[in-house]
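Hi there,

Here is the structure I promised to pass on to you. Have a look at it first, and then read on for what turned up in it.

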Amino acid sequence: MRAHALPRRPAVRLTELGFGGAQGGNLYRATTDEEFAAAIDTAWEGGLRYYDTAPHYGLGLSERRIGAALRSRPRDEYVVSTKVGRLLVPSPPDAHRRDPEGFDVAADHRRVWDFSRDGVLRSLESSLDRTGLDRVDVVYLHDPDDHWEQAATEAVPALVELRDQGVVGAIGAGMNQSHLLTRFVRETDVDVVMCAGRYTLLEQGALADLLPAAGERGVGVVIAGVYNSGLLSRDRPAADATYNYQQAPPELIDRARRIADVCQSYGVTLPQAALAFVRQHPAVVSTVVGLRTGAQVTQSLSRSDADVPAALWPALRAAGLLAPVAT
């Protein structure tokens, strides 16, 4: 599979399609160790070499599973990213409860926001323990929406220090918005950002701020949430489709269906077009898709390989369904 080097850190190369590890943390429902290991095996056989995880995903379960699945593979042949900003603190009194943040795991730990230098170092050390890997290649600040000051003045310098020492290969931030990511790109020394849901076939808000800034500064952009948490994941969006992890409003479902109609007229499905669209932008280095089973991986590989006619995009723009090309 084709890979793209980060402009500022060419030693770090991300495959076009990346493996999102949230489902490995039992996002929404339980997944067995065997199912998830099979998903990693299928991804590896299909050429995926970029795997993303975080302590937040299943209170460390995703990190443990990804580490277990990758440890026996040649370490220089794959890239792993994880995140900092949420420390996992033991919470024995809550072990009989389920995690309240959407993961089907015991709430035996609680998340504590911490973007201090010490918090970053402790978080990364814990991630290495959970994965059992000798290193992680990319470290993102995870959802620092309400923590700009500490993230920019303490967490980023701590990560820069680790990068300069060769402990990690590249550093950045991952969020569900583009405005603050743009500030990280313009005002701090990051190499890559992960933008979830704000540059998709359905909405292109990041075209106004993040993507131009990334291009100017030589910062790579990883697109996550390419299906807008479900709305673009089926050939024909259902009436109960989700958007931003909630029930999608009727007007967005209608818009997605109109996009699907145009896609169908060009012989491609909505999910195929969703993956192909984001890759056109020169700042985009990878697209991360959440994967749970081998069947899902096979489906995503097929969608990723689809031949999408270039004429589709001007047709969508002519129908008012895509933002105009920047001039």
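Before the pockets, one term: a residue counts as lining a pocket if it has an atom within 4 Å of one of the pocket's grid points, and the helices and strands named here are DSSP runs, numbered from the N terminus. Please also keep in mind that this is a predicted model.

**The largest pocket**

With that in hand, helix H9 is the element that gives the most to the lining of the largest pocket, namely four residues. The space in this pocket comes to about 1,400 Å³. Its lining is made up of 45 residues, and those nearest the centre are Gln-23, Leu-27, Tyr-28, Ser-229 and Tyr-245. Two or more lining residues come from each of strand S9 (170–175), strand S10 (192–196), strand S14 (284–290) and helix H9 (294–304). If you sort the lining by class, you get 19 nonpolar, 16 polar and ten charged residues.

**The second largest pocket**

The second largest pocket holds about 310 Å³ of space. It is lined by 20 residues, and Ala-11, Arg-13, Asp-76, Tyr-78 and Val-79 are the closest to its centre. Here strand S2 (residues 13–15) gives the most to the lining, with three residues. The classes in this lining are nine nonpolar, four polar and seven charged.

**The cavity**

How many cavities of 30 Å³ or more does a search of the whole structure find? The search finds one. The volume of the largest cavity is about 30 Å³. Its lining consists of Pro-55, His-56, Lys-83, Val-84, Gly-85, Arg-86, Ser-123 and His-142. By class, that gives two nonpolar, four polar and two charged residues.

**The barrel**

Now to the strands. Eight of them form a closed barrel with parallel pairing, in the order S3-S4-S5-S8-S9-S10-S11-S14. From one strand to the next, the twist averages 25 degrees. Strands S9 and S10, which both give residues to the lining of the largest pocket, pair in the parallel sense over four bridges. If you want a place to start looking, Gly-174 has Met-194 in S10 as its bridge partner. Helix H5 (residues 179–187) lies across strand S8 (138–142), S9 and S10, and it runs at about 160 degrees to S9.

**Two helix pairs**

Helix H9 comes up again in a helix pair. Its axis and that of helix H1 (residues 33–45) come within 7 Å and cross at roughly 30 degrees. Angles under 35 degrees count as roughly parallel, so H1 is roughly parallel to H9. On the H1 side the contact is made by Glu-35, Ala-38, Ala-39, Thr-42 and Ala-43, and on the H9 side by Gly-294, Val-297, Thr-298 and Leu-301. These contact residues divide into five nonpolar, three polar and one charged.

The other pair is helix H2 (residues 61–70) with helix H3 (residues 117–131), whose axes come within 7 Å and cross at roughly 50 degrees. That angle makes H2 oblique to H3. H2 brings Glu-63, Arg-64, Gly-67 and Ala-68 to the contact, while H3 brings Ser-127, Arg-130 and Thr-131. By class, the contact has one nonpolar, three polar and three charged residues.

Best wishes

Conventions: Residues are numbered from 1 along each chain as its sequence is written. This is a predicted model: local features need pLDDT of at least 70, side-chain atom pairs count only at pLDDT 80 or more; totals for chains, interfaces and linings use all residues. Side-chain values use heavy atoms; hydrogens and water are left out. On a 1 Å grid over the protein atoms alone, a cavity is a set of points where a 1.4 Å probe fits but cannot get out, and a pocket is an open set with protein on both sides within 12 Å along at least five of seven lines; lining residues have an atom within 4 Å of a point. Grid points are joined across faces, edges and corners, and a volume is the space filled by probe spheres set on the points. Ala, Val, Leu, Ile, Met, Phe, Trp, Tyr, Cys and Pro count as nonpolar, Asp, Glu, Lys and Arg as charged, and the others, Gly among them, as polar. Two strands pair if DSSP finds at least two bridges between them. Axes are lines fitted to C-alpha atoms, for helices over the stretch in contact, and angles run from 0 to 180 degrees between N-to-C directions. Contact means heavy atoms within 4.5 Å. Angles under 35 degrees count as roughly parallel, over 145 as roughly antiparallel, 65 to 115 as roughly perpendicular and the rest as oblique.
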